[in-house]
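User: Please walk me through this one, a question at a time.

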Amino acid sequence: MTQLSAAHAKPSDGSKALYGGKGTRRITVRDIALAKERGEKWPMLTAYDAMTASVFDEAGIPVLLVGDSAGNCHLGYETTVPVTMDEMTMLSAAVVRGTQRALIVGDLPFGSYQEGPVQALRSATRLVKDAGVGAVKLEGGERSHEQIRLLVESGIPVMAHIGLTPQSVNAMGYRVQGRGEEAAQQLLRDAKAVQDAGAFAVVLELVPAELAAEVTRVLHIPTVGIGAGPETDAQVLVWTDMLGLTTGRVPKFVKKYAALREVMGDAVKAYAEDVVGGTFPTEEHSVH
Ligand code: KIV
């Protein structure tokens, strides 16, 4: 790892850390690079709307991903595959409007970059210009390196995403990636390819913890793990999973920090019973 001098290793706004730091300006990809130099771990969450994003921003989450997981978690699709550029642009713009400090990363949906670098640039430019995101994310290692290179050369920071890539569910299913020597070597090649192409960070989804730790040691850009064990530089979770709003089974790697589905369901039933029983509204909630 390149050693920066102590002066260079400080976040450029004078705050101490990505999480728990004070700055009022947006986090940038330079701040992310400095955090890797300091060996600092940081949390990332998904967000799909302005109000929820404002809660995460106020809590100090330094990077919010407007993931195409919005497909399953916000828009009612079964997978991320049907999500469109129009939807990602609308959701990303809302998250940007709801936040002040977090770096907002907008996901490029399936079909918006696979044709090649020029299509990727057109799609990414839309998220940057129309939605105001500070960076974009796309899936794929070696297979996406040309897209990543052109975006970075054009001034658009890119977060890469390797391991399990949900947009390829029809080809790979939802299963652990990088198991076995050959698959592990491919994951390492993918990680190096996205770093060489200029990505500022790389998501490692559903890969064995030991392999994720090795990738994290080998790369100078930060790794962001989801189902990739404790050794990555950062962690990301889908917010509806970790706050207990998602219906049905959530993956084993998710830790549930709240039970929002029960909290909301109970509150809504209490309201309904008040209305039916005539105990809401009362004088307190009436105007004259
Ligand atoms: O779309 C998404 O939310 C993601 C994360 C799971 C990394 O890609």
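**Backbone, pockets and ligand**

User: In which loop does L206 lie?
Analyst: Happy to start there: this is a predicted model, in which local features need pLDDT of at least 70 and side-chain atom pairs count only at pLDDT 80 or more, while totals for chains, interfaces and linings use all residues. Residues are numbered from 1 along each chain as its sequence is written, and side-chain values use heavy atoms, leaving out hydrogens and water. Elements are DSSP runs numbered from the N terminus: helices are H or I of at least four residues, strands are E of at least two. By that scheme, L206 lies in the loop between β6 (201-205) and α10 (209-218).

User: What is the phi of L206?
Analyst: Most residues other than glycine have a negative phi. L206 is not a glycine, yet its phi is positive, at about 50 degrees.

User: Is L206 buried or exposed?
Analyst: Buried means under 20% relative accessible area and exposed over 50%, with partly exposed in between (1.4 Å probe, protein chains only). L206 has a relative accessibility of 18%, so this residue counts as buried.

User: Which proline is joined by a cis peptide bond?
Analyst: Most peptide bonds are trans. Here one with omega of about -5 degrees is cis, and it joins F280 to P281.

User: Which residues are around the ligand?
Analyst: The cut-off is a heavy atom within 4 Å of the molecule. With that rule, the residues around the ligand are T46, L65, G67, D68, S69, D107, K137, H161, V203, E205 and I226.

User: How much of the ligand's area does the protein bury?
Analyst: Start with the polar contacts, pairs of N or O atoms within 3.5 Å. An oxygen atom of the ligand lies 3.1 Å from a polar side-chain atom of D68, and a side-chain N or O atom of K137 is 3.0 Å from a ligand oxygen. Accessible areas follow the Shrake-Rupley method with a 1.4 Å probe. Taken alone the ligand exposes 260 Å², and the share buried by the protein is 96%.

User: What classes of residue line the second largest pocket?
Analyst: Its volume is about 350 Å³; among the residues closest to its centre are Q235 and K255. A pocket is an open set of points on a 1 Å grid over the protein atoms alone where a 1.4 Å probe fits, with protein on both sides within 12 Å along at least five of seven lines; lining residues have an atom within 4 Å of a point, and volume is the space filled by probe spheres set on the points. Ala, Val, Leu, Ile, Met, Phe, Trp, Tyr, Cys and Pro count as nonpolar, Asp, Glu, Lys and Arg as charged, and the others as polar. The lining divides into 15 nonpolar, 2 polar and 1 charged.

Technical notes: A polar contact is a pair of N or O atoms within 3.5 Å; within protein, one must be able to donate a hydrogen and the other to accept it, and residues adjacent in sequence count only if both atoms are side-chain atoms.
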